[in-house]
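Hello,

Here is the structure I promised to pass on. Please have a look at it first, and then read my notes below.

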Amino acid sequence: MIRRNTWFIFAFATIILTACNAGAHTELDSQKMKVLLWDLSKAEAFHTYYLVRDSARNADSATKAVYAKIFALHKVSADDFFYTLDIYRNDPMRYRVLMDSVNTYGSKQRELLFAPAETTTDTAAPAPPPQKKRRSANE
């Protein structure tokens, strides 16, 4: 009888532990979270300025579709992202550091986007001769 109870308890514990691990999430590193949050904020801005104005579109489904594309681009599941985001939100210091790094990353990305294009000049080629001023017939 004891052997049967031991087997039953072992089987029950195995089933419970397996079920608990089936929904386990992985915590994303701060670098991946930083880039993901930046891309999601850009998608949110796109949604706010362009998709909301189109009244024929379902805004919520469009936003979810854009978010799904971003998660697929970064090879991250939405569950892992939101799990990690909850961890950061529950630790105010880590969350502040994350948001500061997203802000810094965004500033650098904007600088790269709006930086003037560098023109290359060929310094080995001679300068073209100056144009002579043409006189008009009235002079």
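A nonpolar core, as I use the term, is a set of buried Ala, Val, Leu, Ile, Met, Phe, Trp, Tyr and Cys residues joined through side-chain atoms within 4.5 Å. Buried means under 20% relative accessible area, exposed over 50%, and partly exposed in between (1.4 Å probe, protein chains only). Please keep in mind that this is a predicted model, where local features need pLDDT of at least 70, side-chain atom pairs count only at pLDDT 80 or more, and totals for chains, interfaces and linings use all residues. Residues are numbered from 1 along each chain as its sequence is written, and side-chain values use heavy atoms, with hydrogens and water left out.

Let me start with the core. The largest one has 14 residues, and those that touch the most other members are Leu28, Met33, Leu36, Leu37, Phe81 and Leu98. Two or more residues each come from α2, α3 (59-73), α4 (78-90) and α5 (92-114); helices here are DSSP runs (H or I, at least four residues), numbered from the N terminus. Helix α2 gives the largest share, five residues. Beyond its neighbours within four places in sequence, Met33 is in contact (heavy atoms within 4.5 Å) with Leu28, Phe81, Thr84, Leu85, Tyr88 and Leu98.

Now for the charges. There are two salt bridges in the structure, each being a side-chain nitrogen of Lys or Arg within 4 Å of a carboxyl oxygen of Asp or Glu. One joins the side chains of Glu27 and Arg94, at 2.7 Å from N to O. Glu27 sits in the loop between α1 (2-22) and α2 while Arg94 is in helix α5, so this pair ties together parts that are 67 residues apart in sequence. Glu27 is partly exposed, with 41% relative accessibility, and Arg94 is partly exposed at 32%.

In the other bridge, Lys42 pairs with Asp39, with their closest N and O atoms 3.6 Å apart. Both residues belong to helix α2 and are three residues apart, about one turn of the helix. Lys42 is partly exposed at 44% relative accessibility, whereas Asp39, at 16%, counts as buried.

Happy to go through any of this with you.

Best wishes
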